[in-house]
Amino acid sequence: MSHIHLLGFPRIGARRELKFLVEKFWNNKIDDAALQAGARELRQKHWLLQKGAGLDISPVGDFSLYDQVLDAQLLVGAIPRRFGFDAATLSSAQYFQLARGNQQQHALEMTKWFDTNYHYLVPEWHADTTFAANPAPLLAQIAEARALGIQAKPVLLGPLTLLWQGKAKQTGFDRLALLPALLATYQQLLAALHTAGVQWVQIDEPILSLDLPQAWLDALADSYRQLAQSPLKLLLATYFGDVSAHAALLKALPVAGLHLDLVRAPQQLAAFLQGWPQDKVLSAGLIDGRNIWRADLEAVLQQAEALRARLGEQLWLAPSCSLLHSPFDLAQEIKLDVDLKSWLAFAVQKVNELKLLKRGLMQGRASIDNELTASNFAREQRRSNPRIHRAAVASRLASLPPHSDRRASPYSVRAAAQASWLKLPLLPTTTIGSFPQTADIRAARAAFKRGEIDAANYETAMKAEIELVIRKQEALDIDVLVHGEAERNDMVEYFGEQLDGFAFTEYGWVQSYGSRCVKPPVIYGDVARPQPMTVHWAVYAQSLTSRPVKGMLTGPVTILQWSFVRNDLPRSEVCRQIALAINDEVLDLENAGIKVIQIDEPAVREGLPLKRGDRDAYLAWAGEAFRLSCAGVDDSTQIHTHMCYSAFGDILPAIAALDADVITIETSRSDMELLRDFGSFHYPNEIGPGVYDIHSPRLPGENELEKLLAKALDVIPARRLWVNPDCGLKTRGWPEVETALQTMVNVTKRLRQQLTTSV
């Protein structure tokens, strides 16, 4: 009998229970015992849901209070020594300090997990890093699952992926040198799992989807020969891309099974079926774990039937990757358009799709005939629905003249035109866009959505918040202001709600990092902007001050990447549609007198294909989309962009080709390491490296900011350097924001004086 299983399940809960649980702990509203009890209840609820859906074996260890990569560091006893904590005796408070920092230490660096919008905490590797197996947390979860009658499959992040995704903190140190000691620790973990009576262990090695150096591929074979000495059955899981280049190597590894992502890379299957070992399980990832479109059950069943005819009982069925990247349960969406809802599947529905596939395989097609009919009807109804395609959108794209994405003049000319009216001081200060989203703001927005207050009262409430933000920035003496985004729920959702071709869910949350969850829009049809989206608020903010106020927009690549995107058009075409909609807004802002406009693109690096051979094409259309979004503006209009929590070194030519006048980036957690790449590349335009880590509650001191800015001045000329926080401030409270920004401005003013005096 073919098994159905998951690589992982959403841990946040159907109604974001995990988010509210950990935030209560952070705010001292519950103690550690209540935190652990709540987490245990959530895990058990998810296991029982999977059991009820007919899963043969359930993942254990995929649940985390903050981040699975941080948990992997704890399992091998490799938390950064600078914190002074012991992994074996780590308290919950200390665990969260690793993730969020404390007054003595900045938090672990955070960056994107491959090409997803999930952020993980980056391990820190030193030549003297030591490891110590710490299986107790995982063993406790296995015991919990067993008590519920769950057949548990522990999930471990693979040793090579753990090393690769970390960062060497010493120049010239090769983190692969840590592998022998790390493998010995993994062997100890596997021994503890065997003693606990575990049969199967899933070991994730998603780095196999990357272009790896030969030394790492050689290490893979040696590593799994060593790990396979355990009597446990090892399922090596690959996902996010094509691993067929390593087919011969992977088929020869002494593991009991291999998982392939056949949604992202269906073409790789042939390379593995040829000469597939008869004693190995092939776990076929046939259900999309990263998007929300309903499976074409007929097509997937045909594929599963062919695989079963070839592999027999050695075939397992699964989603393509962990369902961490999917919302929880579509059944909660009682307000969603009926037609659109029939086209979708969230995590719970994807588990049900697996169950149907298994039934169809084991009992024949007739056993799921009604479900096949419903699937075929939904597919045809979606294909022919008149709301999907808009002739005007296609015509506009087709009629774009050559080079329509280019600014009229080069940066040097634009910079002079902008300086003549902005008249900013050396090292101008600004923020990234949002200010604290207080309880009053959220309450007013929610009341407006529920119809409890009318539009006039809502506008009055939002204008009061905008004026508060403007006055506070003036008091802090910030140079270029923002309106604070009080009216916005999310940087993508807000725009999607006002664009044609987008739909929204009530409970379609996915985890971005820690307790931060996002609710991505659903792009189901052609995109267009029916009316201005931000002009009214920006003009009001500018009317309150003589200082320049930035118009704040989200860029086309980020809107694309942070949405669930239609799968019936190339992503490049969808992105260009979004770009033209944003361009309409940019030109309206400019015409209304807003002459500094920020178009945020934090997801450009995130969207980079994992294979180098695919990157040039992506960067070409992504860059074109950004430039299209600001095409046609006057030289004197200053275009900003913002990027965060990604490594940019390998795509700097493409970032420069965006041709934004000013780019702001996250650098404080990396101690300005990210900025060095911009300096080495000689980035030609203006740049603002973030000096205040807004994702941590710790407040930077003046000495810390002085050191960071000194490092920045080592690589960026003062005349092209801006000073700003890492990211938007919506998640922070006013007292800490005002303190941190005042420190930032004070340090900047002293540096200006020093630079002016030295000249």
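**Why the labels fit**

Author: Ala 503 has Val 522, in E16, as its bridge partner. Bear in mind that this is a predicted model.

Reader: What makes E13 and E16 a strand pair?

Author: Pairing takes at least two bridges. Strand E13 (residues 500-503) and E16 are joined by three bridges, so they qualify as a pair. The two run antiparallel.

Reader: And what makes E16 and E18 a pair, and in which sense?

Author: Two bridges link E16 to strand E18 (residues 564-565). The cut-off is at least two, so that count meets it. Here the sense is parallel, and Ile 523 stands opposite Val 565 in E18.

Reader: How do you know that E16 is largely enclosed by the rest of the structure?

Author: Count the buried residues, meaning those under 20% relative accessible area. In strand E16 (residues 522-528), six of the seven residues are buried, so the rest of the structure largely encloses the strand.

Reader: Now the open sheet of eight strands: what is its order?

Author: The order is E1-E12-E11-E10-E9-E8-E6-E2, with parallel pairing. Strand E1 (3-4) and strand E2 (58-60) are at the edges with a single partner strand each, so one side of each has no neighbour in the sheet. Elsewhere in the order, five bridges join strand E11 (residues 281-287) to strand E12 (residues 315-319), and Gly 285 stands opposite Ala 318 in E12.

Reader: Why is the Trp 26 and Tyr 66 pair called tilted?

Author: First, the centres have to lie within 6.5 Å, and theirs are 6.3 Å apart, so the rings pair. Then the angle: stacked is under 30 degrees and edge-to-face is over 60, so 45° between the planes makes the pair tilted. Trp 26 is in helix H1 (residues 17-26), while Tyr 66 is in the loop between E2 and helix H3 (68-75), so the pair ties together parts 40 residues apart in sequence.

Reader: Is Tyr 66 buried or exposed?

Author: Buried: its relative accessibility is 3%, and the cut-off is under 20%. Tyr 66 also belongs to a cluster linked by ring pairs, along with Phe 25, Trp 26, Tyr 95 and Phe 96.

Reader: What makes Arg 100 count as a charge over the ring of Trp 26?

Author: Arg 100 lies over the face of Trp 26, at 3.7 Å from the ring centre. The distance limit is within 6 Å, so 3.7 Å passes.

Reader: How do you know that the length of H22 agrees with its residue count?

Author: With 21 residues at 1.5 Å a residue, helix H22 (residues 571-591) should span 30 Å; the end C-alpha atoms are 31 Å apart, which agrees.

Methods
Residues numbered from 1 in each chain as written. Predicted model: local features only at pLDDT ≥ 70, side-chain atom pairs only at ≥ 80, totals over all residues. Heavy atoms only, no water. Helix = DSSP H or I, 4+ residues; strand = E, 2+ residues; numbered from the N terminus. Buried < 20%, exposed > 50% of the residue type's maximum accessible area, 1.4 Å probe, protein only. Expected span 1.5 Å × (residues − 1). Phe/Tyr/Trp six-rings, centres within 6.5 Å; stacked < 30°, edge-to-face > 60°. Lys NZ or Arg CZ within 6 Å of the ring centre and 35° of its normal.
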